[in-house]
Amino acid sequence: MNPLRRYETIMEVLLAQKEVTVNELSERLQVTGKTIREDLAKLEEKGLLVRVHGGAMLAQSDQLGILSAKEPIVRHADEKTEIAQIALRYIEPHDIIALDGGSTTLEIARRLDNQPLTIVTNDLYIISELVHKDEIRLVVPGGYRLRNMLAGPEAAEYVSKLNIQKSFLSATGVHLQHGFTIYTSDLVDYKRALIQSSAAVFGVADHYKFGQCALRTFASLSEISMILTDSALPAETAEQFRQAGVRLETH
C-alpha cells in the first residue's frame, strides 16, 4: 500500500473512532510500528492529528466534514443555518440543483419549501429529509454506502452525464493555496463530476473551515463560482480570499 493510501486509511479510522493506537494501525495496514509512527508524524505536521502515547487522535474533532452514521453533526448550528438561508436566495422553482453530502447542505434541504425542483444528492440524510416533499423530484446516483453517503465510480459516472444548474458543495477545509479539501479520496471523483456537470458551483463552508486543509483537494478556488459562509468570517480573511479572486457571500 502506498503512503498516500495509508494516510487516507489512518484518517478514515480516526474519523470513525476519534482515536487509534499504533498497534491497531500496524495490524490493519500490515506494516511495522515504525512505519505507522512515521506516517503519524507526517499527518501531525499537516495539522490533521495529534500524536498521543501509543497512537493518535483527531486534531480537529469538531470539524470532521463527514457526518456520523448515526446522526447529523449539529456543531456550529447557527452558522449552518445562516449559510442555508443565503443559499435559498439562489434556488428558484424548476431549478436542477445538486446538494453534496454534509451538515450544511442538509440544513439547506430542511429549509427548502415543497416546490417544483429537481435535486441530485448522494446524502442519505438529505434523501430522508426531502422524500416527503412531493413537489421535489429526487435524483439519487448509484454507488456503495460510505457512512451516510453514496460513493464510487457509478455515482460519479452517472452525475457526469447530467445537466445541473447549481451545485452546493461542502468541504472539510477551505484554503487559499490548496482550495477545497476533504480527508479521503472516496468522494473526490463524485465532487469533481458535480463541478464539471454544473453551470454554477457554490461552496458552502462555515468560517471555522477557512484556513483549514485536509489531505485531498477536490477543487481549486477558481473552480467555485461563489463561497457562501457565515457573517463570523473575519474581515481580514474575507479580504484575503477576495484578493485571490474569490466571490464571497456572507449575509
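**Close-up views of a predicted model**

**View A. Helix α8 and its buried residues.** In helix α8, the buried residues are Val188, Tyr190, Lys191, Ala193, Leu194, Ile195 and Ser197. Buried denotes a relative accessible area under 20%, exposed over 50%, and partly exposed the range in between (1.4 Å probe, protein chains only). Because seven of the ten residues of α8 are buried, this helix is largely enclosed by the rest of the structure. The model is predicted: local features need pLDDT of at least 70 and side-chain atom pairs count only at pLDDT 80 or more, while totals for chains, interfaces and linings use all residues. Residues are numbered from 1 along each chain as its sequence is written, and side-chain values use heavy atoms, with hydrogens and water left out. Helices (H or I, at least four residues) and strands (E, at least two) are DSSP runs numbered from the N terminus.

**View B. Packing of helix α7 with helix α8.** Helix α7 (residues 153-160) packs with helix α8 (residues 188-197) at an angle of about 0°, and their axes are 8 Å apart. Axes are lines fitted to C-alpha atoms, for helices over the stretch in contact, and angles between N-to-C directions run from 0 to 180 degrees. The two helices, α7 and α8, are therefore roughly parallel to each other; angles under 35 degrees count as roughly parallel, over 145 as roughly antiparallel, 65 to 115 as roughly perpendicular and the rest as oblique. Helix α7 contributes Ala155, Ala156, Val159 and Ser160 to the contact, and α8 contributes Asp189, Tyr190, Ala193, Leu194 and Ser197. Contact means heavy atoms within 4.5 Å. Six nonpolar, two polar and one charged residue make up the contact of α7 with α8. In this classification Ala, Val, Leu, Ile, Met, Phe, Trp, Tyr, Cys and Pro are nonpolar, Asp, Glu, Lys and Arg are charged, and the others, Gly among them, are polar.

**View C. Helix α1 with helix α2.** Helix α1 (residues 3-17) packs with helix α2 (residues 22-29) at an angle of about 130°, with the axes 11 Å apart. Helices α1 and α2 are therefore oblique to each other. The contact involves Arg6, Thr9, Ile10, Val13 and Gln17 of α1, together with Glu24, Leu25, Arg28 and Leu29 of α2. By class, the contact of α1 with α2 holds four nonpolar, two polar and three charged residues.

**View D. Helix α1 with helix α3.** The axes of α1 and α3 cross at roughly 80° and come within 10 Å. Helices α1 and α3 are therefore roughly perpendicular to each other. From α1, Arg6, Tyr7, Ile10 and Met11 meet Thr35, Asp39, Leu40, Lys42 and Leu43 of α3. The contact of α1 with α3 comprises five nonpolar, one polar and three charged residues.

**View E. Aromatic pairs.** Four aromatic pairs are present in the structure. The ring centres of Phe168 and Phe202 are 5.0 Å apart and the planes lie at 10°, so this pair is stacked. Rings of Phe, Tyr and Trp (its six-membered ring) pair if their centres lie within 6.5 Å; planes under 30 degrees apart count as stacked, over 60 as edge-to-face and the rest as tilted. Because Phe168 lies in strand β9 (residues 164-169) and Phe202 in strand β12 (residues 198-204), the pair ties together parts that are 34 residues apart in sequence. Both Phe168 and Phe202 are buried. The rings of Phe180 and Phe218 have their centres 6.0 Å apart and their planes at 70°, so this pair is edge-to-face. Phe180 in strand β11 and Phe218 in strand β13 (residues 216-219) are 38 residues apart, and the pair links these distant parts of the chain. Phe180 is buried, with a relative accessible area of 0%, and Phe218 counts as buried at 1% relative accessibility. Tyr90, Phe168 and Phe202 form one aromatic cluster.

**View F. Surroundings of Gly179.** Gly179 lies in strand β11 (residues 179-182) and counts as buried at 1% relative accessibility. Apart from neighbours within four places in sequence, Gly179 is in contact with Gly173, Val174, Ala219 and Leu221. The C-alpha atoms of Gly179 and Arg216 are separated by 9.7 Å, although these residues are 37 residues apart along the chain.

**View G. Loop residues with positive phi.** Most residues other than glycine have a negative phi. Gln30, which is not a glycine, has a positive phi of about 60°. Gln30 is found in the loop between α2 and α3 (33-45) and, at 66% relative accessibility, counts as exposed. His94 has a positive phi near 75°. His94 is found in the loop between α4 (77-88) and β4 (96-99) and counts as exposed at 62% relative accessibility.
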